[in-house]
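Dear colleague,

Please find below the structure that I am handing over to you.

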Amino acid sequence: MLEEDPDLAEALPAALRAGAVADCLAKTVSIAEGNWRSTDVRLEHDAIGLLVLNGLLIRRVGIDGRFGAELLGAGDLLRPWHGEDEAPALLATTGWRVLEPTRVALLDRAFSWTLSRYPQIAGGLVERALVRARNLAVGMAIVHQPRVEVRLRMLFWHMASRWGHVRADGVVLRHRLTHAVLADMVAARRPTVSTAMAELARAGLVSATDEGWLLRGEPPGELRDVEPNEAGPAETRPAS
């Protein structure tokens with residue numbers, strides 16, 4: 001697994017890394033695009049969960065016909081079955097959809113035992129869970145912006161800080177997100193998002209490409225206010 005996600009091995013002393021790479025083996029499951037039932041992949045109750053190795057999926061939660069959404073990709077840790085047997089305080093509907101073919105590692109009970117020899121990796125996985133919680137908080141700050149075009153710019157640059165690639169003409173986000181998905185992410189209606197995206201394209205700030213989306217300029221100041229410790233993709237990712 002550490003060959004698939006080498007960032008998890010960074011905290012290990014150099015002398016332990018080769019052994020950890022050989023020891024930390026996990027089964028993987030590939031998930032096709034489309035609606036996904038979380039019960040299709042289920043582990044023991046004391047397993048760590050699923051680690052996304054590549055791909056993209058969205059989790060939608062709705063109450064009374066209004067939805068919020070969370071986008072998950074490479075590096076995210078999830079337990080999609082957790083809490084499904086509990087009676088909710090609110091009548092919420094939850095659904096998962098795979099937007100791009102996705103591959104996950106099954107961090108099961110046997111993998112947990114292996115991690116007892118490498119607490120640094122266990123700490124890295126805990127950090128992944130905390131980062132996911134922080135990203136949810138940033139998402140909440142984004143949807144509270146009054147202007148939809150500002151929400152969209154903030155969302156694109158927030159995603160670029162995780163998955164963006166720097167080019168000479170800007171930062172490219174290699175994910176084909178539809179206007180319907182973007183509408184879920186910024187808590188707006190799809191026609192409103194389409195209008196706002198047209199305005200951003202005319203301003204030369206966000207445009208569709210064959211690869212996905214191209215961002216130009218600088219991240220909006222509103223995003224820097226909610227991500228004070230985030231480095232932009234130009235600082236953290238090599239050109240590719």
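Which side chain meets that of Arg117 in a salt bridge? The partner is Asp23, with a distance of 3.4 Å from N to O. Please note that this is a predicted model. The two residues lie 94 residues apart, Arg117 in the loop between helix H2 (109-115) and H3, and Asp23 in helix H1 (residues 14-23). Asp23 has a relative accessibility of 30% and therefore counts as partly exposed.

In general, side chains of opposite charge can pair when their charged atoms come close. The count for this model comes to 11 salt bridges. Arg167, Asp169, Arg174 and Glu211 are linked in a network of them.

Helix H3 (residues 119-143) packs against helix H4 (residues 148-163) at an angle of about 160°, and their axes are 9 Å apart. Because angles over 145 degrees count as roughly antiparallel, H3 is described as roughly antiparallel to H4. Helices H5 (residues 179-186) and H6 (residues 190-202) pack at about 100°, with axes 8 Å apart, and are therefore roughly perpendicular to each other. Their contact has six nonpolar, two polar and one charged residues.

Yours sincerely

Technical notes. Residues are numbered from 1 along each chain as its sequence is written. This is a predicted model: local features need pLDDT of at least 70, side-chain atom pairs count only at pLDDT 80 or more; totals for chains, interfaces and linings use all residues. Side-chain values use heavy atoms; hydrogens and water are left out. Axes are lines fitted to C-alpha atoms, for helices over the stretch in contact, and angles run from 0 to 180 degrees between N-to-C directions. Helices (H or I, at least four residues) and strands (E, at least two) are DSSP runs, numbered from the N terminus. Angles under 35 degrees count as roughly parallel, over 145 as roughly antiparallel, 65 to 115 as roughly perpendicular and the rest as oblique. Ala, Val, Leu, Ile, Met, Phe, Trp, Tyr, Cys and Pro count as nonpolar, Asp, Glu, Lys and Arg as charged, and the others, Gly among them, as polar. A salt bridge is a side-chain nitrogen of Lys or Arg within 4 Å of a carboxyl oxygen of Asp or Glu. Buried means under 20% relative accessible area, exposed over 50%, partly exposed in between (1.4 Å probe, protein chains only).
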